[in-house]
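Keep the structure open beside you as you read.

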Amino acid sequence: MDPKPIITFLILISATVIAAQEYVRPPPRKALHFPWSRKPSSLPQQVHISLAGDKHMRVTWITNDKSAPSIVEYGTSSGKYSSVAQGESTSYSYLLYRSGKIHHTVIGPLEHGTVYFYQCGGQGPEFQFKTPPAQFPITFAVAGDMGQTGWTKSTLDHIEQCKYDVHLLPGDLSYADYMQSRWDTFGELVQPLASVRPWMVTQGNHEKENIPLLKDGFASYNSRWKMPYEESGSSSNLYYSFEVAGVHAIMLGSYTDYDEYSDQYRWLKADLSKVDRQKTPWLVVLFHVPWYNSNKAHQGEGDSMMAAMEPLLYAASVDIVLAGHVHAYERTKRVNSGKSDTCGAVHITIGDGGNREGLAHKYINPSPEWSVFREASFGHGELKIVNSTHAFWTWHRNDDDEPVRSDQVWITSLVSSGCVAQKRHELRSILVAP
């Protein structure tokens, strides 16, 4: 008997079994341990930066010395600071916890694509950052639901290998969950990355930390992570927008009012009315709770926000929506009103940065027609806006080496597809409605 057909059959069976197997995740990693070390009270700690309007950067840091000045010295040569800026400071108390002095100082105007060296408070180590480019290409690193575990450290290590310009974080930063010292250890953990590239964040449910009758929500988040809400005409740090290169990014709040009578909705209409798609052909939106989610975790939690805001975002031809909350990864087709739509947004859930609560393993089967790729693994995303018409999205599993991409797709802008022009009248009608 000729053995070749049998061998061929066995090879085919083996290939089928291997292809059918799901990705096997490694075991969970424990929470990180931060040993206490005595530091000078005036030493700048938890340094991070964020965009603060055109050609400006906000530098934030904390000192235990309440008299430490809120100044930042900076320049384009190491150790030679040609400019100095005076900022503001705040602090907060939370039950028995008392924060250090939280400094916020805006520096600029700055040149695009330039390395700057800076020192906080007139002492301590020198830091450096590179400003984003003035035009395409621009790359965003994206990771939400970070926490402070071994997986978080792996995510940060992978992001550090990425050549990116801005970090986007769609909610759930420290997982302090009322233990305020965890905000301090989170600031210490992310400082190596957050001090060299701007971090643009929005709030998640773990930032609430409200105690009825005793403490309003988001006290620590608003004090520590001040975003450019005032620069974008918003009255709340929970929602704002910014522009960088050819991208207009809108950061929305899943945990503040969002119906058509809310301040957030009115601000969103006003912000969209100012968007110039000739100048910023790409429109990207971030918020915490996903609208399109085929994971069994957090099903339906985004429905009310989706009902209120999706018609407006659809009329505005939003290209990409990034969300967190669900501890897994999922990417959709262009979608609107619950079904595929070539003029809708690509929705990406990326709440898999490394939190201590673990992964959301269970998915609804069969998967919805709009779901393209989904996997319960920790990781991060990279969004490279190549030019006004094309962007390249990749998602990297935590336990893979950096060159290994688990999911990738080219995305064509809605400006180039004609959807923006097609829906211009529809958008105008919504924006002028009372």
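## Strands, cysteines and rings

Strand E1 (residues 45–51) pairs with E2 in the antiparallel sense, and five bridges hold the pairing. Please keep in mind that this is a predicted model. Within this pairing, Leu51 stands opposite Met57 in E2. The hairpin of E1 and E2 has five residues between the strands, and in it Gly53 takes a positive phi near 90°.

E2 also has a partner in strand E8 (residues 101–107): the two run antiparallel and are joined by seven bridges. Here Met57 turns up again, with Ile107 as its bridge partner in E8.

Is E2 enclosed by the rest of the structure, or is it exposed? Seven of the seven residues of strand E2 (residues 57–63) are buried, so the strand is largely enclosed by the rest of the structure.

Strand E16 (residues 282–286) and E17 pair in the parallel sense over three bridges, and Val284 stands opposite Ile320 in E17. Between these strands the chain passes through helix H6 (residues 303–315), and this β-α-β crossover is right-handed. E17 also runs parallel to E20, with four bridges joining them, and there Leu322 has Ile348 as its bridge partner in E20. In strand E17 (residues 320–323), Ile320 and Leu322 point one way, Val321 and Ala323 point the other way, and all are buried.

For this part of the chain, a UniProt record (unreviewed entry) places the feature "domain: Calcineurin-like phosphoesterase" at residues 139–329. Over residues 139–329 the chain is 29% helix and 16% strand, and the end C-alpha atoms are 19 Å apart.

Next come the cysteines. A disulfide is a covalent bond between the sulfur atoms of two cysteines. How many disulfides does the structure hold? The structure holds one disulfide, and it joins Cys343 to Cys419, with an S to S distance of 2.0 Å. The torsion about the S-S bond of Cys343 and Cys419 is about -75°, so the disulfide is left-handed.

| Cysteine | Relative accessible area | State |
|---|---|---|
| Cys343 | 6% | buried |
| Cys419 | 4% | buried |
| Cys120 | 0% | buried |
| Cys162 | 8% | buried |

Finally, look at the aromatic rings. The structure holds 16 aromatic pairs. One of them brings together Tyr239 and Trp267: their ring centres are 5.6 Å apart and their planes lie at 50°, so the pair is tilted. The two residues are 28 residues apart, with Tyr239 in the loop between helix H4 (219–224) and strand E14 (240–244), and Trp267 in helix H5 (residues 263–273). Both Tyr239 and Trp267 are buried.

Elsewhere, one aromatic cluster is formed by Tyr116, Tyr118, Phe127 and Phe129. A ring can also meet a charge: the charged end of Lys423 sits over the ring of Tyr314, 3.7 Å from its centre.

Definitions and conventions: Residues numbered from 1 in each chain as written. Predicted model: local features only at pLDDT ≥ 70, side-chain atom pairs only at ≥ 80, totals over all residues. Heavy atoms only, no water. Phe/Tyr/Trp six-rings, centres within 6.5 Å; stacked < 30°, edge-to-face > 60°. Buried < 20%, exposed > 50% of the residue type's maximum accessible area, 1.4 Å probe, protein only. Lys NZ or Arg CZ within 6 Å of the ring centre and 35° of its normal. UniProt positions renumbered as here; feature names shortened; annotations may be inferred. Disulfide = S-S within 2.5 Å. Pairing = 2+ DSSP bridges. Right-handed = clockwise from strand over helix to strand, strands pointing away.
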